[in-house]
Amino acid sequence: MSDNKHIVNYLKYYVDFKQHLGFAVLINGPWGIGKTKFISKFVETIDGPDLQTVYVSFNGLKSVEDIDRELFRVMHTVMGHRLFEAAASIAKSAAKAVKGLTIDVNFIDLVNKYTAALYVFDDLERCSLPSAQVLGYINGFVEQGRRKVIVIGNDEEIKDLAEFNLIREKVIGMTFRFNSVVDEALPFFIESIGDKKTSKFLKSKIDIVKSIHQQAEKENLRVLQQALWDFERFYMVIESKHRENDDAMTAALRFILALAMDVRSGRLDESDLRDRQSSIIGSMMSRQAPALPSRILESRRRYPASDVGGSMLSDETLVAMFIKGTFDDAISKDLNASSYFVDVTLEPEWRTLWHGIERTEDEVIDALAEVRACFEQRAYTKPGEILHVFGLLIRHADIGDIGMSRQDVVTQCQQYVDDLYKQGRLDPPSDDGKPRLRETGYGGLQIASSDTPEYRGLFSYLEQVQAKVASDRYPAIAQELLENLRDAPAEFVSEIAPGSGQYSKYRKIPILSYINPKDFVSIWLCIHPGLQRQILDALTTRYEHHKLNDDLSGELGWANSVYAELMSSVQAMSPHGRYRTRIFLEYSLDRVPELTLPAPPAPPAPGASV
């Protein structure tokens, strides 16, 4: 029997009672637990030609006129045109009554609002009117219209609750606390899942879904439905081999529903999903419970069988799913790397070590030995993998199975970076000079120990040495740019000026400071005037917004030298050449405030020929 069967019984008594009862019935409970659907099903059992029902939602309505208009619309839909024929006749007669005058007849006021037998007013708490006005409006149907009225709402969300409680007893004669009907709603939710494979699987695991909903301690059925939709999207993109593994899919169901329920209800956000591993492992290794447990730890306690801190899906994938709404191939890749599907013999050893708490003792020992051997051989050259190895070594220094302290690890890792630099095997930053690295993650996995000062110091050190790798390459790159200035000016423009090309990869790097100013101006003087102007415009765009005092401060001296060379070259030009170049400069480099105008040439001595 439904927990709300008593409500059905009473509503039948209320509606069937022949005499005027003089009060409305309130169905009270949190948003999203099925109150509206419950009343809709009840109305279906009683509605008919002799007992018509009008349903009106107060959601978003801001005035009595708004309510009247919505009521008018619903009554017209429910009862047809006959209800309004009398009002139309009255309006027509009134219009004829006073010839020559314009009369404003409010057609809605002429309609008998109290024609239906039962009125249902939903979303009580979402009406913008004060409680006194809302209850007064409802009371009109109870007292003046002598109608039966059911009100649906959540009194905990009513803004002026004190005022509401003072007045409610004059209008509301019976209040029922509605209980969540998950046992009734869940089969409907699952049956309405579009993908039949997902629906079939969920039917076989309905008890697990119920238990997670119960553990969430959230009566809101809409959150549960949204979580089931999330699982459907997950189930549709994975491979058949994944779906055939019942243990893996059961674990995935617990994992995804728990996280989805907490994200959809606002208990978790993106930062919580990104920090799962460090929070969980930190709590496991800490001898004292943190004063303020992280929210992911609270979720872990809330759903003890769901392993919300596990690595079945990576942090990046969870953020993509629950925050960005993206369900793609990354999910299958993560599943393939999970303990349910991984072939450890084909897995990179550092990944096996990262998944250590889900691997066997022998697998972890072998992986740790292989990582240390590769470390000694300087085999890791991808910066992301290097950072993972650094973080793992710090973790295992804490565990105590590598015979080193954290500081020992820091010293050896800095030496590792230095050796790669000396060997010319360390990747530079991205083309715009900014590191490609994300401090806390790479390859879909959060970096172990990324919250420790030792790791953060190593990350900064790697960035510094990478920047040195880049700066070592700048003279050669500058020579290539100079050749492009001569042979492919359009390409030169696209590389140095923001917005001039698809990449503009050197727009924030003071790369031009490595070019001899005289060589630059010499080549500039030899190219077509139309391209000359484009080059100067590109430099101006490069330096706007005071970039010479910011990212490109190292290029200020070079820019001033080029400016001076250009001004000097003007003196040797033909009159038209001087005119043209001065126009070019006036609308380009002259407008860069950081550039110093060269001193004007001294006037010729008296009697000297000009």
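**Strands, rings and cores**

Reader: Which residues of strand 1 are buried on one side, and which on the other?

Author: In a regular strand the side chains alternate between the two faces of the sheet. Strands (E, at least two residues) and helices (H or I, at least four) are DSSP runs, numbered from the N terminus, while buried means under 20% relative accessible area, exposed over 50% and partly exposed in between (1.4 Å probe, protein chains only). Both faces of strand 1 are covered, and the buried residues are A24, L26 and N28 on one side and, on the other, V25 and I27.

Reader: What kind of model is this?

Author: Residues are numbered from 1 along each chain as its sequence is written, and side-chain values use heavy atoms, with hydrogens and water left out. Local features need pLDDT of at least 70, side-chain atom pairs count only at pLDDT 80 or more, and totals for chains, interfaces and linings use all residues, this being a predicted model.

Reader: Which residue of strand 5 stands opposite I27?

Author: Two strands pair if DSSP finds at least two bridges between them. Strand 1 (residues 24–28) pairs with strand 5 (residues 172–177) in the parallel sense, over five bridges. In strand 5, the residue opposite I27 is F176.

Reader: Which residue of strand 4 stands opposite V25?

Author: Strand 1 and strand 4 (residues 148–153) run parallel and are joined by four bridges. In strand 4, the residue opposite V25 is I150.

Reader: How many aromatic pairs are there?

Author: Rings of Phe, Tyr and Trp (its six-membered ring) pair if their centres lie within 6.5 Å; planes under 30 degrees apart count as stacked, over 60 as edge-to-face and the rest as tilted. By this rule the number of aromatic pairs is 24.

Reader: How many residues apart are Y114 and F141?

Author: Y114 and F141 form an edge-to-face pair, with 5.0 Å between the centres and 85° between the planes. At 21% relative accessible area Y114 is partly exposed, whereas F141 is buried at 1%. Y114 lies in the loop between helix 5 (107–110) and strand 3 (118–122) and F141 in helix 6 (residues 131–144), so the pair links distant parts of the chain; the separation is 27 residues.

Reader: What is the angle between the ring planes of F390 and Y416?

Author: F390 is buried at 1% relative accessibility, and Y416 is buried with a relative accessible area of 1%. The ring centres of F390 and Y416 are 6.0 Å apart, and the pair is edge-to-face because the planes stand at 90°.

Reader: How far is R243 from the ring centre of Y235?

Author: A charge sits over a ring if NZ of Lys or CZ of Arg is within 6 Å of the ring centre and within 35 degrees of the ring normal. R243 lies over the face of Y235, and its distance from the ring centre is 5.8 Å.

Reader: Which residues have the most contacts inside the largest nonpolar core?

Author: A nonpolar core is a set of buried Ala, Val, Leu, Ile, Met, Phe, Trp, Tyr and Cys residues joined through side-chain atoms within 4.5 Å. The largest has 72 residues, and those with the most contacts inside it are F234 and L313.

Reader: Which residues is P510 in contact with?

Author: P510 is found in the loop between helix 24 (489–496) and helix 25 (517–524), and at 23% relative accessibility P510 is partly exposed. Contact means heavy atoms within 4.5 Å. Leaving aside neighbours within four places in sequence, P510 is in contact with R542, D551, L552, G554 and E555.
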